[in-house]
Every structure is written in C-alpha cells, then in structure tokens.
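Dear colleague,

I am handing over the structure below, and my notes on what was found in it follow directly after.

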Amino acid sequence: MSDRTEIECRLADLWEEHHTYQFVPSDNGRPVFSIDTPPPYVSATHLHPGHAMSFTQADIVIRYMRMMGHSVFYPIGFDDNGLPTERFVEQKYSIDK
C-alpha cells in the first residue's frame, strides 16, 4: 500500500468514526445548506473532465459552508444533460450521431 493510499484509508476511517459527512437536519439549530444534484442513472459510467470540474466547484462550496458551521446536505448524482433521451431518439429513428 502506498503512503497516499494508507493516508486516505486512515482519514476515511477517522471521518467515518466522527460522522464528518453525516447530515443531521436538526443539529443544534445550525442552519442547513444544501446543493441538489440530479439522480444518477445507468449510463453515467463515462465520467469526463466536465464532471470533475462541475463536482469540484460544488465540493469547494460545500466544504466552505461546513467550515462556516452549516449542517450540509449534498446528495451526489450525475447528469449527462439528456443523453439517455438523445440515445433513444438516435436508436428509434436510426440516426447516426
């Protein structure tokens, strides 16, 4: 196991032990902050740089709001901007993209 992997495993265990990412809506009256993301779907197995950029931006905001004392709710999901519909139409009408 590399040093990076060992450190990641230790931190993941620590975060799990302290419930770092657990959402508690009525946590001592702290304000709630939420970023809603679309639900995941089966064809989202081809992540690309756009996903990384989009989720990095949201992650920065969410971490900042946690540091500011908010109880954060961030249900993660992936959206491909209507790709399943596009694929269905292409197949139904024999359209070659």
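A residue is called buried here when its relative accessible area is under 20%, exposed when that value is over 50%, and partly exposed in between. Because aspartate 59 has a relative accessible area of 27%, it falls in the partly exposed class. Please keep in mind throughout that this is a predicted model.

Aspartate 59 forms a salt bridge with arginine 63, and the closest N and O atoms of the pair are 2.6 Å apart. Both residues belong to helix H2, which covers residues 49-67, and they sit 4 residues apart, or about one turn of the helix. Arginine 63, with a relative accessible area of 40%, is likewise partly exposed.

The count comes to 2 salt bridges, and another pairing involves arginine 4 and glutamate 8, whose side chains meet at 3.1 Å, N to O. Arginine 4 is exposed, at 53% relative accessible area, whereas glutamate 8, at 43%, counts as partly exposed.

There is also a nonpolar patch on the surface, formed by Ile7, Leu11, Leu14, Trp15 and Tyr21, which together have about 430 Å² of accessible area. One of its members, leucine 11, lies in helix H1, which comprises residues 3-17. Leucine 11 has a relative accessible area of 34% and is therefore partly exposed; membership of a patch requires over 30% relative accessible area and no salt bridge.

Terms used: Residues are numbered from 1 along each chain as its sequence is written. This is a predicted model: local features need pLDDT of at least 70, side-chain atom pairs count only at pLDDT 80 or more; totals for chains, interfaces and linings use all residues. Side-chain values use heavy atoms; hydrogens and water are left out. Patches are made of residues with over 30% relative accessible area and no salt bridge: like charges are joined within 9 Å, nonpolar side chains (Val, Leu, Ile, Met, Phe, Trp, Tyr) within 5 Å. Accessible areas come from the Shrake-Rupley method with a 1.4 Å probe; for residues, only the protein chains shown count as cover. A salt bridge is a side-chain nitrogen of Lys or Arg within 4 Å of a carboxyl oxygen of Asp or Glu. Helices (H or I, at least four residues) and strands (E, at least two) are DSSP runs, numbered from the N terminus. Buried means under 20% relative accessible area, exposed over 50%, partly exposed in between (1.4 Å probe, protein chains only).
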